[in-house]
Amino acid sequence: MIIEIAKKEITDAFKNKLFLIIVIMLLTLCVVSIVLGSLQVRVAVDAYNASIDFLKSLGKTDLPAMPNLNPMSASKGFVNYIGMVGALLAIVLGNTAISKERKNGTLRLILSRGVFRDTFLNGKLVGNLLLLAGITLAAAVMTLLALTIIAGVILTLDEGLRLGLFFLMSFLYLVFFMILSMGITILSAKGSRALLITVIIWLVLAFVLPQIGDTMDMDNQLPGGFFVQMGMNRDQETQVLQQFKFYETLRDGLEELSPTKHYERISFALLNIKPGFETNTAWEVLGLKWINLLGLIVPSSVLWLLAYVVFLRRENIDGSK
């Protein structure tokens, strides 16, 4: 029965115009971002090859090594698009999963035909997880094709693993907002009200909290970095921050509340966009960023458990008076 409900969920999603519009928008933005990123890598490779040919024509034998072009940085724009458009897509999916059954009056009808509440909810979850997984997989395939065909770059095994883990983090990020939206829709009597509340929470988690954290960050107080401009090394920076321990703990605590910040931190480390992780393997990066991984998994698990309990125990299941 779970499989049948999941199949219906997927079929209904492809009949939902709003879902299709957001999916097309997200994939289009991803294609543009990935193609532009791949072209930048291609230009850098061609420039290196041209300089090598020129040096060889001069009879030089001491040739410079290939610079670190970091082809995975082609996915940098994808992080921003998932944070905005992807999260909205997941919110729409989670809201529609429950509100459409209430609106059509089919929720109580389905549950009265021998379908248990947990089976119904699990089917909804599986269907939407498959939809989000399919969208993430499509973006991953497009990235690999763009890097291979346009940039002319073949990723190493570790780079491929880093890219795969990055798309897994993207999937977990989408799952959080899908479950958040589904849970609030279960709690609320009206789907439109639930959607509005979820969007407000998304704005706070994705924009307000990270913005407050960035504003409070001492290193952001001067262009190019406060500590760099002041000529301080890492030890001196640590000593200064120790003087503001409470302030730093408060700032970091606000950022830890944001799944968007967790997603950004672990993604930038995996994609080598954030300096300091170039020599680590993919699994080592995941180990170093375990707190951000938990920041994506634990909130989703807790929210799903709460939604599950409320859905199983609520008497007024369809929100009717």
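Which residues form a nonpolar patch on the surface? In this predicted model, local features need pLDDT of at least 70 and side-chain atom pairs count only at pLDDT 80 or more, while totals for chains, interfaces and linings use all residues. Residues are numbered from 1 along each chain as its sequence is written, and side-chain values use heavy atoms, with hydrogens and water left out.

The patch is formed by M84, L196, I200, L203, V204, F207, V208 and I212, which together have about 640 Å² of accessible area (Shrake-Rupley method, 1.4 Å probe, with only the protein chains shown counting as cover for residues). Patch members have over 30% relative accessible area and no salt bridge, and nonpolar side chains are joined within 5 Å; a salt bridge places a side-chain nitrogen of Lys or Arg within 4 Å of a carboxyl oxygen of Asp or Glu. Helix α7 (residues 191–216) supplies the largest share, 7 residues; helices are DSSP runs of H or I, at least four residues, numbered from the N terminus. L203 lies in α7 and is partly exposed, at 37% relative accessible area (buried is under 20%, exposed over 50%, partly exposed in between).

Helix α3 (residues 76–104) is mostly covered, with 21 of its 29 residues buried. The helix reaches 41 Å from first to last C-alpha, close to the expected 42 Å (1.5 Å times one less than the number of residues). A bend of about 45° occurs at I82, taken as the angle between axes fitted to the seven residues ending there and the seven starting there. After α3 comes G105, with a positive phi near 70°.

Notes:
Patch = residues over 30% accessible without salt bridge, like charges linked within 9 Å, V, L, I, M, F, W, Y side chains within 5 Å. Helix = DSSP H or I, 4+ residues; strand = E, 2+ residues; numbered from the N terminus. Buried < 20%, exposed > 50% of the residue type's maximum accessible area, 1.4 Å probe, protein only.
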